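Work through the exercises below with the sequence and the model side by side. Try each task before you read its solution.

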Amino acid sequence: MGFTQRILNIISILIIMESYLCQDESYSIIVNDDINTINKLPANLTLTVDDTRIEDTFNSNSSIQETIIENSSTLKTRKKYATDEEDYTSIESIIFSIRTNQQTSKAITVLIGFAYENISYAFHIENGKLNIIFSQGELSYVTLTTKNDTELITDGQWHQLNVERSNQKLTFTLDNIEQANVELPDGWLAKRNVFIGAELITVPDGNFSGNIGDISITNAGRSLNLRIEDNSDESLEESQATTTTTTTTTTTIASVVNQSESLRTLGFHPNDNNPIIVPSAIRAFFKNLSFSFRTYSNLSTIIQFDEISLNIDIDGYLALFIQDRQVQRIFSDQEGTPINDGKFYFVELQLNDQTLEAWIDKNKKISIELSSSFLFIEKFLFGLNNRFIGCIENVTYNNEILIFTGLSSNRQQCFSNNIIIKSIGDSHIDRIVSFRDNDRPLIVILDNPEEFHMFSLLFYTQEANSIIGSLADETYENFMILTVQNEYLYLTYYNKGEKIIEMTTNRSVNDKNEHKIVIKLIHQNDLLFELDGNIIMENMTEMFYISTVYIGKLDSYIKEQFSNVDGAHFIGCIENVMLNKQSIVKLEHVNQLDRLINTCQITERKRTKAISYISPDISFSVRDPQDIIEIPILPNEEFYHCQISFRTPSYNGIIASIYSNVDHRVLILFLRDGNFHLTYDSTDNKSSQLIFHDNETINDGQQHYILISHQISTKNLSIQIDNRSIIISNLSSLSLFFDVITIGGSYRVMSINQFVGCFANITYNHRPLLLEDMVKSDRYDCIYEQDLICDRQMPCINIQPLQFCGQPDCSLVCMSSSLINADDNKGSLQYSAHIESGVYEQIHLMIFTISSNAVLFTSTNGTIQVSIIIQNYYPRLIIRNGGIIYTYDFPGRVRGDQWHVLQCQKTINTIDLTFDDETRHYTYFIEYFSLFGDKKIYLCGKNFIGYVQDIIFMADNHHENLIHNAIRNPKLIDYDYSVTWNNRADVPERKLY
């Protein structure tokens, strides 16, 4: 597919999504008025579609269910369905039925779906034919369609559609006849997650007339529950690199050149600043771009095109951002004055060969080298992320002025200074502050503690449980917490960590309406708690002084010190936060200006994903830039603890970095000449603050342990290296909210030296970090031994094996000797599994072997025996049923110098055998059997010499890891002396005869 066509398809999909987001809730209609009570519609129901009566007899397809959605292009029906999050499986499918006689040459969208890892798909009808298009990020589209032009589905009859994914193969079936199948290209399943059916939307753009029924999502043969969700207030999240996250409507307008003088302005007002997309009307390579602008905001994007953007950074400076390049500030004068002061500035960019130059008002130029001297711009995006407040005028591209058509009159005006959003640090905010998922709290640290007399605020929420905020004294001996618990508002006062008072008005507050809280001390020792005029009082034993106020989240120090005090962060809106009748929230306390609004718009808390982490004590290696791991962390949680252990021979290199996408600040842990350094940098203005550097070298290949903890109460930083520690003070000015942590280097900080070493025991704020798919499988089991880095890819040799090591990264080492079951040669190790047989079963093994003919795996149940063997270096699955033997070949050959992944997946009548990255599919007709037999599983059979790792068994939703289970309960395994356990072991060399 050509580049231009690809862009058009992407724009088409965006328009579909936009129409879905913007349609009013009242357009949605279903045959039954009460969605929550729908089970089945009467079988003899007559439905009316566009005033045409169609008798529904269901005789044409008995499998079609009786729950039908009626869709009319005039009614614009749209419904959203969601499934509970499911584990990855090798087989998924979506099945539904449609009936329509709609005749149009335009493309009709019947249904779109969204899955994880940026996967989406859409069912289109065009000229009566069905097309199914799958997309994922920047990867090439995958299209399924009917066999020929005569397979039309707009004949007024019911048709059943079925799309199934089996491993990397997609198959489309229409009315039980296969129409198309395609192998997914490399990269589509790089991360294993739900591929089909996380969210479904019927008739997203409202142009389908007909019926949709029998929507079914299956996962490993199991039908998933579909919930109908309210989509009236939802917004679509669209992730882009570094600076791009938008959740509101983007306006696309036309641009022409050299026409009316009155259409040269783009206005971005505080209550009307949606992004604007302007397709380029000039079909030529980029030469120059210039425009005038004025702004009152920081942390915003003025314009983005290709991988280039002009941003206003946290300090109010203009910054040029190019993907994979260092961010550079563009100064307006020699003093480096911020430009978010409401004055007009003229900025120009010019491309000379491969050098992009930029400057403001003919001041000093900055320059950045691009990867090419040719840059073709298809569209400009102004005001990304709804954070830009100001206006843009006289946009000139390649010496032609762009004229903007299709904008409202309000968006064509540059508003006056009398509605400027003040950016002065000591000005207090009287506007509503929104709190969405992962927004940072408002943290107010008073210059001088104030004696508590009165505290008040207004809030809106729909959450039944959350923490509104807290007030604490300097020592945290006294603090108050405001919470919503089971819909009711509570005030809890703690004295020296002990709960003294708990007060509630027994009134629900999660109704999205405005509620007013007042906490007041009267008569010196009576605490008054008021909610919307309802008052209760309690006696308070002593006075205290307020030093710190947290709004939207629990005080980090309280959370760290008192494990019994915690709760979910606040989602909703808050305004008029006042202490002793004085406003205390300033602009500097709000990290993103788009959170300042005039009308509260409450978002829903996102569903929590089921996440499986790697055990922190599992080791892994980093050898090159491709091994660097980048891990998202909670952006609204203040940093207070990070630990990491490593072994390295490197003199220089970045060990880890902790980065903020919002204010572009980063903590960098690195080695210089073998010494540990810690700095706090700003990537915007290239400033760097050295926090600590060690005088002892730690690049000796020994295990070293680093612990950095932020003492929130004192604002000090504690750094511990092995048994040595130091306290760094006077760090109260550092912002320690971060979004990303990188291990083994950084994609955001330039370094010419690659760190090489072994990592383990990595935690952030006392939680594990690494998800199971983040580390390359061949980088596990890292050991630094005899000046070598060893891992699964390059195992250490000539190292004596140890006894059972009792660690999650143990390897099973088979040395083929006398057997526990020598009479039948099943295997030297016997494992008693707890797993039950299932519809979907899987065996996963990673092996390193020099054996040419050997038995690896065996299970037995009565007369049926299942084995995985190696025959002339080729692995095979053998199923023996009495005297009958069935043989299924894995698609590959083992080598004596590398690791291999073997995977066997079984359903009711199919077997998929995977060898490394290739899969072979079989259909079998044997009577029912289980891969796990009688749950006595044998490994290290006759003549097998080598490693076995990642021994994982699955049956439906049950999952067992042999080594992990054996660590917890060693009685599950029985093995003879020829079996050893280690994460590094001597594999004998192949003998030559």
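## Exercise 1: A residue in a loop

Start with contacts, meaning heavy atoms within 4.5 Å. Leaving aside neighbours within four places in sequence, Asn699 is in contact with Thr648, Pro649, Ser650, Tyr651, Leu671 and Gly674. Keep in mind that this is a predicted model, where local features need pLDDT of at least 70, side-chain atom pairs count only at pLDDT 80 or more, and totals for chains, interfaces and linings use all residues. Residues are numbered from 1 along each chain as its sequence is written, and side-chain values use heavy atoms, with hydrogens and water left out.

**Solution.** 
- Step 1. Find the elements on either side. Strands are DSSP runs of E with at least two residues, helices are runs of H or I with at least four, and both are numbered from the N terminus. Asn699 sits in the loop between β54 (687-697) and β55 (704-711).
- Step 2. Apply the cut-offs. Buried means under 20% relative accessible area, exposed over 50%, and partly exposed in between (1.4 Å probe, protein chains only).
- Step 3. Look at the side chain. One of its polar atoms lies 3.4 Å from the backbone oxygen of Ser650.

## Exercise 2: The disulfides

A disulfide is a covalent bond between the sulfur atoms of two cysteines. Here the test is a pair of cysteine sulfur atoms within 2.5 Å.

**Task.** How many disulfides does a search of the whole structure find? Describe each one.

**Solution.** 
- Step 1. Count them. The search finds two.
- Step 2. Take Cys573 and Cys600. Their sulfur atoms are 2.1 Å apart. The torsion about the S-S bond is about 90°, so this disulfide is right-handed. Cys573 lies in strand β45 (residues 572-579) and Cys600 in the loop between β47 (596-597) and β48 (620-622), so the pair ties together parts that are 27 residues apart in sequence.
- Step 3. Take Cys814 and Cys940. Their sulfur atoms are 1.7 Å apart. The angle about the S-S bond is -45°, and the link is left-handed. Cys814 is in strand β63 (residues 811-815), and Cys940 is in the loop between β73 (936-939) and β74 (945-955), 126 residues apart.
- Step 4. Check burial. Cys573 has 0% relative accessibility, so Cys573 counts as buried. Cys814 and Cys940 are buried too.

## Exercise 3: Two open sheets

Strands of a sheet pair through backbone hydrogen bonds, either parallel or antiparallel. Two strands pair if DSSP finds at least two bridges between them.

**Task.** Which strands stand at the edges of the six-strand sheet?

**Solution.** 
- Step 1. Read the six-strand order: β49-β58-β51-β52-β53-β54, with antiparallel pairing.
- Step 2. Pick the edges. β49 (629-632) and β54 each have a single partner strand, so one side of each is left without a neighbour in the sheet.
- Step 3. Inspect one pair. Seven bridges join β53 (residues 675-682) to β54. Tyr680 stands opposite Gln689 in β54.
- Step 4. Inspect one pair here. Four bridges join β64 (residues 829-832) to β73. Ser832 stands opposite Lys936 in β73.

## Exercise 4: The whole protein

**Task.** What percentage of the 993 residues is buried?

**Solution.** 
- Step 1. Buried residues make up 55%.
- Step 2. Count the elements: three helices and 77 strands.
- Step 3. Turn to contacts between residues at least 6 apart in sequence. Of these, 69% join residues at least 24 apart.

Conventions: A polar contact is a pair of N or O atoms within 3.5 Å; within protein, one must be able to donate a hydrogen and the other to accept it, and residues adjacent in sequence count only if both atoms are side-chain atoms.
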